[in-house]
Structures are given as structure tokens and as C-alpha cells.
Amino acid sequence: MSGDRDAILERARAVRLAIFDVDGVMTDGTLYIGANGESFKAFNILDGYGVKLLQSAGVACAILSGRSSEAVARRAAELSIGHVVQGSADKVADFDKLLKRVCVDANACAFVGDDLPDLAVMKRCGLAVAVANAVPAVKESAHYVTRASGGRGAVREFCELLIEARGAA
């Protein structure tokens, strides 16, 4: 665990809203393009179950992504993620709107990211999380860096950290 474990668990205990980037976090960042222009993303089933466990522990979940994809909309529906922002050109503005909609303070939010467009939101959250394969600047700004890579168990690891902090493990 990067950083002081007790400090990270204290930040994690305060989280009421977990926000996820998609490409590179919920997926490994690979984008498959078919012959007819259709795109495909691969989601990890263990990560998805982690999201369900987190919701069962009382933490709301959201997606904040710079890209738009029907696959993301479908996956969010499968996981009962009710707050989904896709095609975000300004993640900070969309983050602020999301906080107002959910009635949560920024300090009660966690954001899981992997790339430079995620930095500004990460710097505003109570718990900033980078996946193991994130770019160096994102890792340096994170309170916690997962051992697992995006799309390969990072989301599950993060969910289990929050559940542990809440005493629901």
C-alpha cells in the first residue's frame, strides 16, 4: 500500500461516493475497433463484483469518463451504477455537477484514475487512487496506488480497501 496505511484507511472511511474513470481503470485501456467501426471493451468480472460489494456496503458508485461508449452504458446498467457521465470534455466541471446531484462533499469522494485528464479531479477528492499502470504523474498525485493494473483487478482491490476501512470486510 502506498502511503501510510492508517492515513489511507482514514481517508477511505470517509468515502461515500466512489467515482471511476473507465478506459485504463475499469478496462485495461485496450480499444478493439471492428471492421465496421464498432468498438469493444473488455471488463473484468471480479472488478464488477467488487463494485456490487461496495454498493452493498453503502457506498454509491459513479462513472466519469472522457469517452462515450454504449458498452460503458451497458456495463454501468449491469452493475446498477446510477451516476454515469460519459464524453466529459471537462472532468472537473462534471465532477462538481455530480457532487451536487448526489449531495456529497468532495472530501467524501474517491476517484480512481490512470491518465493526465484525471489529475484535476484526483486533486479535489478526499481519496485519490491510481491504478498500478497509471502514468507517473497520476501515481505521484495519488493517496493510494493499487498493486493491480487497470482492467486486471484494480477496481476490486480499491473496493475491498473501502470495505475494509468501513469495517464491513
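**Exercise 1. The largest cavity**

Determine how much space lies in the largest cavity of this predicted model, and which residues line it.

*Solution.* Step 3: The largest cavity holds about 40 Å³ of space. Step 4: Its lining consists of Met26, Phe43, Asn44, Asp47, Gly48, Arg75 and Leu79. Step 5: By class, the lining of the largest cavity comprises three nonpolar, two polar and two charged residues.

**Exercise 2. The packing of H2 and H7**

Describe how the axes of helix H2 and helix H7 are arranged, and state which residues of the two helices meet.

*Solution.* Step 1: Two packed helices are described by the angle between their axes and by the distance between those axes. Step 2: For H2 (residues 45-56) and H7 (residues 154-165), the axes come within 7 Å and cross at roughly 25°. Step 3: Angles under 35 degrees count as roughly parallel, so H2 is roughly parallel to H7. Step 4: The crossing of H2 and H7 is left-handed. Step 5: On the H2 side, the residues are Leu46, Asp47, Tyr49, Gly50, Val51, Leu53 and Leu54; these meet Ala154, Val155, Arg156, Phe158, Cys159, Leu162 and Ile163 in H7. Step 6: The residues of this contact between H2 and H7 divide into 11 nonpolar, one polar and two charged. Asp47 of H2 takes part in the contact with H7 and also lines the largest cavity.

**Exercise 3. The packing of H1 and H7**

At what angle do helix H1 and H7 pack, and which residues make the contact?

*Solution.* Step 1: H1 (residues 5-13) packs on H7 at an angle of about 85°, and the axes are 8 Å apart. Step 2: Angles of 65 to 115 degrees count as roughly perpendicular; H1 and H7 are therefore roughly perpendicular to each other. Step 3: H1 contributes Arg5, Ile8, Leu9, Ala12 and Arg13 to the contact, while H7 contributes Leu161, Leu162, Glu164 and Ala165. Step 4: The residues of the contact of H1 with H7 divide into six nonpolar, no polar and three charged. Leu162 of H7 contacts H1 and also meets H2.

**Exercise 4. Positive phi in two loops**

Locate Ser80 and Cys103 in the structure, and give the phi of each.

*Solution.* Step 1: Most residues other than glycine have a negative phi. Step 2: Ser80, although not a glycine, has a positive phi of about 60°. Step 3: Ser80 is located in the loop between helix H3 (70-78) and strand E5 (83-85). Step 4: Cys103, also not a glycine, has a positive phi of about 60°. Step 5: Cys103 lies in the loop that runs between helix H4 (91-102) and strand E6 (109-113).

Technical notes
Residues numbered from 1 in each chain as written. Predicted model: local features only at pLDDT ≥ 70, side-chain atom pairs only at ≥ 80, totals over all residues. Heavy atoms only, no water. Axes fitted to C-alpha atoms, helices over the stretch in contact; angles between N-to-C directions. Helix = DSSP H or I, 4+ residues; strand = E, 2+ residues; numbered from the N terminus. Parallel < 35°, antiparallel > 145°, perpendicular 65-115°, else oblique. Left-handed = near helix turned anticlockwise from the far one by under 90°. Contact = heavy atoms within 4.5 Å. Nonpolar A, V, L, I, M, F, W, Y, C, P; charged D, E, K, R; others polar. 1 Å grid on protein atoms, 1.4 Å probe; cavity = no way out; pocket = protein on both sides within 12 Å on 5 of 7 lines; lining within 4 Å. Points joined across faces, edges and corners; volume = space filled by probe spheres on them.
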